[in-house]
Amino acid sequence: MTLMPSQETVLLHGHIIDSLILAKVLDTILMMGGTFDLSEVHIGTTREQPSHAKIIVRASSEMMLDQILTAIQPHGAVAERETDCRAEPAPEVGVFPETFYATTHLPTQVRINGQWVDVGAIEMDLGIRLDPTRTSAAAIPMTQAERGDLIVTGRDGIRVAPLQRPPERDVFGFMEAHVSSERPHGPIIIDIARRMRALRESEGKQGKVLLAGGPAIIHSGGRDALTWLIESGYVHVLFCGNALAAHDMEAHLFGTSLGFGLLAGHTVPHGHEHHLRTINRIRAIGSIERAVVSGVITQGIMAACVRQHVQVVMAGTIRDDGPLPGVITDSIEAQAAMRAALPDVKLALLVASTLHAVATGNLLPATVPTVCVDVNPAVPTKLADRGSFQAVGLVMDAASFLRDLARELGCTA
Amino acid sequence: MSRLLVCPPDYFGIEYEINPWMRLSNTADPRLARMQWHGLMRELEGAVGARLERLDPVPGLPDFVFTANAGVVHEGRAVPSRFRHPERQREERHFEDWFRNNGYAVTRLKDGIHFEGAGDLLGFPDLWFGGYRQRTDIDAYEHLSRIFSREIIPLELINPRFYHLDTCFCPLSGGELLYYPPAFDRYARTVIEDRIATQRQIIIQEIEAMRFACNAVCVGRHIVLPEGCPDAVRQLQERGYEIHSLPLDEFMKAGGSAKCLTLALE
């Protein structure tokens with residue numbers, strides 16, 4: 001099955017503006033049930049100079065597309081002669097050819113031997129590698145290029161589909177990436193919960209829920225709610241850093257988060273050492289999993305992840321203490337590990353972490369509904385600026401979001 | 001002095017049907033056709049004061065008399081027609097030969113593009129219009145616009161009875177436009193209304209449009225059109241034109257009238 005509805009690029013030349021020929025062609029496309037994108041319009045600078053337009057015509061079926069093309073052809077709209085995509089060998093390991101095509105996060109196809117082929121693993125800011133037999137294509141980061149890999153260059157023979165409105169009539173279906181602190185959160189959380197419930201009920205067949213989170217989840221008091229969500233089987237992949245895991249286990253071992261008494265409500269003596277002692281203890285045990293299995297860590301987010309077999313990718317940063325065993329300190333390796341965990345993700349919750357939200361956002365195809373929750377409107381705005389219609393921004397604190405979400409899913413605690 | 005290219009109707013007749021006016025059963029009277037044609041020539045050379053260039057008629061080419069379809073001529077350059085129907089494609093080389101032998105620089109359109117000359121391309125000095133959909137392909141105007149460095153506004157013709165632009169649209173020397181709006185699609189009508197001021201539009205009613213009132217020859221302040229169009233005559237006289245109404249009904253049997261029988265060479 002092809003990823004895209006039927007489409008064709010047509011060109012229109014001549015005095016097409018004042019003659020209303022362009023308007024007529026566009027009206028005809030719409031009247032016949034198709035849609036269009038005006039991908040290029042050049043208007044002549046004098047009356048004598050011709051103008052030209054490049055129009056991408058889309059229809060829900062090949063038959064409708066043919067009918068539309070037949071109807072607009074007499075007005076001069078001719079199908080652009082399609083060519084195969086071009087590819088050049090990568091000159092070095094980790095280097096693309098100079099004129100490589102940089103991907104978007106939208107569904108993309110390349111034309112190989114006259115056939116349009118879906119580009120696998122699409123993600124923004126990558127290149128497209130053709131397999132040596134030139135039968136399939138996949139997006140890869142430049143670091144993964146091997147010398148001689150066939151990398152797509154130029155812009156010919158490449159087409160990018162805009163996002164189709166998803167069939168669900170929920171917050172993700174409105175195709176508007178609004179970010180506002182004044183927007184009521186309730187209905188959005190209800191829609192998110194509905195999707196999570198459906199994904200859990202499908203037992204992984206329809207996909208997984210990813211949560212990428214920062215340590216503010218612990219500081220703000222969202223630990224119990226997230227633990228409940230994981231224990232209840234609503235979260236299947238966790239992306240975080242050293243801090244979330246360290247403070248989660250610190251909370252269990254010392255009752256503090258970065259030395260601040262979670263119940264006491266104030267700093268406790270020598271509290272600033274707690275996360276270091278936590279990290280040190282886990283390092284001594286060898287792994288988080290062993291700490292949980294051996295009964296050292298029995299509660300909290302990390303314990304729930306181990307018990308529920310949640311796939312956890314911990315990506316390190318330059319300011320990390322420790323780090324905990326399992327934290328990937330090479331950022332290219334961390335990216336690769338995150339990327340490997342994404343294929344089945346059908347809903348992404350990016351909570352209270354600029355770093356992990358943006359990193360995850362960069363890796364996600366535009367087709368994955370994404371929620372970005374942060375008290376700082378700049379984070380969801382940054383994500384929405386990626387142009388994903390299905391990214392919903394919520395300006396609220398992590399604990400409130402996680403608690404409301406857990407309550408919506410049946411948590412009574 | 002205006003020069004017009006014409007061709008005597010020695011071999012004119014209805015020998016095929018390529019437009020709704022033509023019926024093989026509705027034969028033309030050769031004697032009457034010749035009389036009407038000579039009547040038109042007399043008027044053009046006499047009262048109107050045009051100079052006529054005569055083509056030699058060719059046996060077996062009954063529509064060769066309609067010289068408006070020879071091509072289009074502007075500033076010494078001629079672009080010969082590329083007819084849609086095979087019946088008329090046989091005329092192409094004769095028209096092209098005449099242009100070459102008479103000192104015109106000839107530019108041919110590439111194969112596969114139909115263009116039926118001044119039957120479809122008409123205009124004012126600074127603004128040209130091109131009829132398309134019935135006979136000429138819209139693509140032709142992109143090329144012609146480049147060849148002549150002129151803006152050409154394509155107009156879609158939607159009624160097969162008005163198969164050439166000159167059957168329903170006639171720009172006049174004073175800047176007015178004689179035309180029959182229902183021959184055009186909605187977009188073309190909007191464009192005409194947009195580009196030609198209302199007071200310069202002379203609208204022809206259906207009954208006279210069907211008598212080819214718009215197939216008129218305008219030379220200076222003289223207008224030659226087929227008889228039987230009193231409303232058109234009145235409107236044109238009100239604007240100060242000198243009108244010459246002539247019987248041309250033998251040529252209507254082939255779907256042509258005064259304008260179709262001439263090609264303006266300047």
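## A hairpin, a helix crossing and a chain contact

In chain B, strand 3 and strand 4 make a hairpin that leaves two residues between them, and B:E75 in the turn has a positive phi of about 50°. The model is predicted. Strand 3 covers residues 71-74 of chain B and strand 4 covers residues 77-80 of chain B; they pair in the antiparallel sense, over four bridges. Within this pairing, B:G71 of chain B stands opposite B:P80 in strand 4.

Strand 4 of chain B also pairs with strand 5 of chain B, residues 105-106, here in the parallel sense and over two bridges. Opposite B:V106 in strand 5 of chain B stands B:A78.

Chain B as a whole contains eight helices and 15 strands. It has 266 residues, of which 49% count as buried. If one takes the contacts in chain B between residues at least 6 apart in sequence, 68% of them join residues at least 24 apart.

Chain B also touches chain A. How many residues does each chain bring to the contact? The contact takes 15 residues from chain B and 15 residues from chain A. On the side of chain B, helix 4 (139-148), strand 8 (152-156) and helix 5 (186-195) each supply at least two residues. Helix 4 of chain B gives the most to this side, with four residues. By type, the residues on the side of chain B that touches chain A divide into seven nonpolar, three polar and five charged.

Within chain A, two helices cross. The axes of helix 3 (residues 186-201) and helix 13 (residues 398-408) of chain A come within 9 Å, and the crossing angle is roughly 55°. Helix 3 and helix 13 of chain A are therefore oblique to each other. Their crossing is right-handed. Helix 3 of chain A makes the contact with A:I189, A:I190, A:I192 and A:A193, while helix 13 of chain A uses A:D404, A:L405 and A:E408. The residues of this contact between helix 3 and helix 13 of chain A divide into five nonpolar, no polar and two charged.

Some backbone angles in chain A also deserve a note. Most residues other than glycine have a negative phi, and most peptide bonds are trans.

| Residue | Phi | Loop in chain A |
|---|---|---|
| A:L20 | about 65° | between strand 1 (6-14) and helix 1 (21-31) |
| A:N113 | about 45° | between strand 6 (108-112) and strand 7 (115-120) |

Is A:L20 buried or exposed? A:L20 counts as buried because it has 22 C-beta neighbours inside 10 Å, and the cut-off for buried is 20 or more. A:N113 counts as exposed because it has 8 such neighbours inside 10 Å, and the cut-off for exposed is 12 or fewer.

The peptide bond from A:G322 to A:P323 is cis, and its omega is near 0°. A:P323 is found in the loop between strand 17 (311-315) and strand 18 (327-328) of chain A.

Conventions. Residues numbered from 1 in each chain as written. Chains lettered and ligands numbered in written order. Predicted model: local features only at pLDDT ≥ 70, side-chain atom pairs only at ≥ 80, totals over all residues. Pairing = 2+ DSSP bridges. Axes fitted to C-alpha atoms, helices over the stretch in contact; angles between N-to-C directions. Parallel < 35°, antiparallel > 145°, perpendicular 65-115°, else oblique. Left-handed = near helix turned anticlockwise from the far one by under 90°. Contact = placed C-beta atoms within 7 Å. Nonpolar A, V, L, I, M, F, W, Y, C, P; charged D, E, K, R; others polar.
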